[in-house]
Amino acid sequence: MREIIPNVLWIGNAFDARNIKAVMDAGFRVVVDIAIEESPIQLPREIASCRFPLLDGEGNSPALIMAAIDLIVSCVNTQTKTLVACSGGMSRSLLIASAVVAQVKSIDLDDAIRRVTRAGPCDISPNLYATFRELL
């Protein structure tokens, strides 16, 4: 897991999000699962679990992408500790987190991506990136 906004927003991969003990020990209140190819996460009832099944490429619903971003922005604004996870933690979750950073910091998406990628590796899908650029 990588911390994106201190004490509030992290990104991770499918294994991170399904490691219930680690999720609980870290104190996450919300887990946002955005990997369409992964099975839904079964979390304890005290953790809010939201699923926005996104493809790592083109063909995603703009409304679904914006709903995920809006939810996470709300979590950040209320200081709710949130984990966003996709399969590898390097494309979808990174782009969603970057879009959130762009909105809460009022900066350009590309500037936000540069900030988020300082924390670790990335492998952003060009088609997914193009979709985010059109939306934001």
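**Exercise 1. List the residues that Arg92 contacts, leaving aside its neighbours within four places in sequence.**

Solution. Arg92 touches Ile34, Ala35, Ile36, Glu37, Leu54, Leu55, Asp56, Cys86, Ser87 and Leu128. Contact means heavy atoms within 4.5 Å.

The model is predicted: local features need pLDDT of at least 70, side-chain atom pairs count only at pLDDT 80 or more, and totals for chains, interfaces and linings use all residues. Residues are numbered from 1 along each chain as its sequence is written, and side-chain values use heavy atoms, with hydrogens and water left out.

**Exercise 2. Decide whether Arg92 is buried or exposed, and find the backbone oxygen its side chain reaches.**

Solution. Step one: Arg92 has 3% relative accessibility, so it counts as buried. Buried means under 20% relative accessible area, exposed over 50%, partly exposed in between (1.4 Å probe, protein chains only). Step two: the Arg92 side chain reaches the backbone oxygen of Leu54 at 2.7 Å.

**Exercise 3. Classify the aromatic pair found in a search of the whole structure.**

Solution. Step one: the search finds one pair. Step two: the ring centres of Trp10 and Phe28 are 5.3 Å apart and the planes stand at 90°, so the pair is edge-to-face. Rings of Phe, Tyr and Trp (its six-membered ring) pair if their centres lie within 6.5 Å; planes under 30 degrees apart are stacked, over 60 edge-to-face, the rest tilted. Step three: check burial. Trp10 is buried at 12% relative accessibility, and Phe28 is buried at 3%.

**Exercise 4. Find the charged end that sits over the ring of Phe28.**

Solution. Lys81 places its charged end over this ring, 5.5 Å from the centre. The criterion: NZ of Lys or CZ of Arg within 6 Å of the ring centre and within 35 degrees of the ring normal.

Notes: Polar contact = N/O pair within 3.5 Å; in protein donor to acceptor, adjacent residues only side chain to side chain.
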